[in-house]
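The following exercises are to be worked with the sequence and the coordinates at hand. Each task is followed by a solution in steps.

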Amino acid sequence: MSLNRSRREFLQAGLTLPAAGLVSSSLDMSVQKEPPKVTYRTLGKTGLKVTGVGYGIGYVPNVEVVNRAIDWGINYFDTSRDYRESEAIFAGCIKGKRQKIHISTKSGSTKKEEILQDMDTSLKTLGTDYVDIWQLHARDLPARIPDEAIEAMVQCKKAGKARFIGFSCHNPNNMVDFLLDAKVFDVMQTTYSFAIGSGFREKAVQKLAAAGVGVIAMKVVVAMSGIGMKRGGSGGPAKTNKKEGEGPLAGIKWVLSNPAIGTTVPNMNSIAELEMNMRAMSEPYTPADEQLLFTLNEQIRPDYCRMCYQCDGVCPKGLPVADVLRYLAYYDFAGDLYQGVTNFRNLRPELQKVRCGDCSECAIKCPNGVQVKNRLMRAQELLA
Ligand code: SF4
Ligand code: SF4
């Protein structure tokens with residue numbers, strides 16, 4: 001698929017995404033006679049009993065899949081004020097079912113009054129008088145959580161509008177000590193997967209769990225979907241004999257094999273995907289899973305940024321490399337060009353204009369084997 005064609009397809013189809021959330025998935029292949037088994041875990045000291053497989057609602061919830069997930073017993077759902085129509089569409093799915101589920105949503109603001117306003121807007125939009133988890137969205141630096149933001153979060157909790165509070169981040173190593181020192185947060189939602197988990201994040205996750213902080217794992221399967229290989233990643237087509245969906249299944253099983261993890265929030269777009277992912281709660285993690293994940297991980301090595309942040313601050317033009325590569329991954333590995341473009345266009349204007357093709361040589365040598373310059377050029381062509 002050429003970049004131009006990808007972009008054209010997005011402009012023709014992707015810009016109507018909110019409406020697409022109301023359409024049934026044509027990918028649904030399985031009609032389950034029996035719902036998949038659910039198992040529960042405790043989300044740190046919150047004491048919430050949450051299903052090991054939760055649901056990342058994302059920008060465009062597929063209502064058929066969300067409804068089925070609720071019917072099948074998934075009880076943890078994650079959304080955000082930043083996901084545009086997400087809360088409103090989700091609200092239609094939970095009418096009359098509020099008591100069966102735990103809701104997490106987030107504010108993107110750093111300002112007290114805006115966070116308080118966001119809280120009220122979320123409650124109104126979702127049609128509920130409380131959320132279970134209220135988070136600050138995407139905080140990878142302590143400076144992104146000023147005192148006034150903490151005050152607002154605590155105020156929401158004291159008012160009973162949020163049972164528990166926390167924040168999401170892509171770089172837990174930067175934020176663990178901050179979270180623990182603040183002594184007010186109950187949960188952290190962070191990136192964690194076979195591809196990016198071991199090594200970079202394990203200590204942080206263990207430290208949080210030991211302190212009783214609920215750990216919610218996100219980006220648990222995106223790298224293992226095989227989508228990146230189909231969309232023009234340099235790893236070539238998948239060289240496994242496994243069926244589609246078995247990579248993500250193995251990936252969630254790997255995450256859930258760590259007792260420090262409270263729940264996971266994969267985004268799901270078909271009943272088949274939901275059914276496959278839910279199996280991770282009752283099936284053991286096996287040597288065959290390990291082999292599959294290892295194989296997939298090597299195939300995506302040149303294309304998938306592990307978000308280790310070792311290249312932070314290295315680009316002389318100031319590019320936040322890991323962030324831009326993550327935006328590209330939304331499309332290449334999760335099939336969501338809309339999210340990639342939206343994030344890219346939130347970069348400062350001067351960063352949106354940087355073109356890596358103008359550099360004779362990239363200053364970044366990725367220790368994880370990512371072809372940084374090629375990937376950034378693809379991001380700039382596709383998302384700018
Ligand atoms: S590009 Fe490489 S060094 Fe930079 S964050 Fe990604 S994996 Fe780490
Ligand atoms: S190619 Fe140049 S602009 Fe792009 S990340 Fe590398 S050093 Fe920065």
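A salt bridge is here a side-chain nitrogen of Lys or Arg within 4 Å of a carboxyl oxygen of Asp or Glu. The structure is a predicted model, in which local features need pLDDT of at least 70 and side-chain atom pairs count only at pLDDT 80 or more, while totals for chains, interfaces and linings use all residues. Residues are numbered from 1 along each chain as its sequence is written, chains are lettered from A and ligands numbered from 1 in the order in which they are written, and side-chain values use heavy atoms, with hydrogens and water left out.

**Exercise 1. Salt bridges**

Determine how many salt bridges a search of the whole structure finds, and state which parts of the chain the pair K97 and D71 ties together.

Solution. Step 1: the search of the whole structure gives 19 salt bridges. Step 2: one of them joins K97 to D71, with 3.8 Å between the closest N and O atoms. Step 3: K97 is in the loop between helix 4 (86-94) and strand 5 (102-107) and D71 is in helix 3 (residues 63-71), so this pair ties together parts 26 residues apart in sequence. Helices (H or I, at least four residues) and strands (E, at least two) are DSSP runs, numbered from the N terminus.

Step 1: R163 and D132 form a salt bridge whose closest N and O atoms are 2.9 Å apart. Since R163 belongs to strand 7 (residues 162-169) and D132 to strand 6 (residues 131-136), the pair ties together parts that are 31 residues apart in sequence. Step 5: compare the accessibility of the two partners, where buried means under 20% relative accessible area, exposed over 50% and partly exposed in between (1.4 Å probe, protein chains only). R163 is partly exposed at 39%, whereas D132 is buried at 1%.

Step 2: R348 and E350 also meet through their side chains, at 2.6 Å from N to O; E350 is partly exposed, with a relative accessible area of 44%. Step 7: a network of salt bridges links K253, R279, E283 and D289.

**Exercise 2. Ligand 2 and helix 16**

Which residues surround ligand 2, and which residues of helix 16 are buried?

Solution. Step 1: count a residue as near a molecule if one of its heavy atoms lies within 4 Å of it. The shell around ligand 2 consists of C315, P316, K317, V354, C356, C359, C362, A363 and L376. Step 2: Ala, Val, Leu, Ile, Met, Phe, Trp, Tyr, Cys and Pro count as nonpolar, Asp, Glu, Lys and Arg as charged, and the others, Gly among them, as polar. By these classes the shell has eight nonpolar, no polar and one charged residues. Step 3: C359 is partly exposed, at 25% relative accessible area.

Step 1: the buried residues of helix 16 are V372, R375, L376, R378, A379, Q380, L382 and L383. Step 5: check the span of this helix, the expected value being 1.5 Å times one less than the number of residues. The twelve residues of helix 16 (residues 372-383) should span 16 Å, which agrees with the 16 Å between its end C-alpha atoms.
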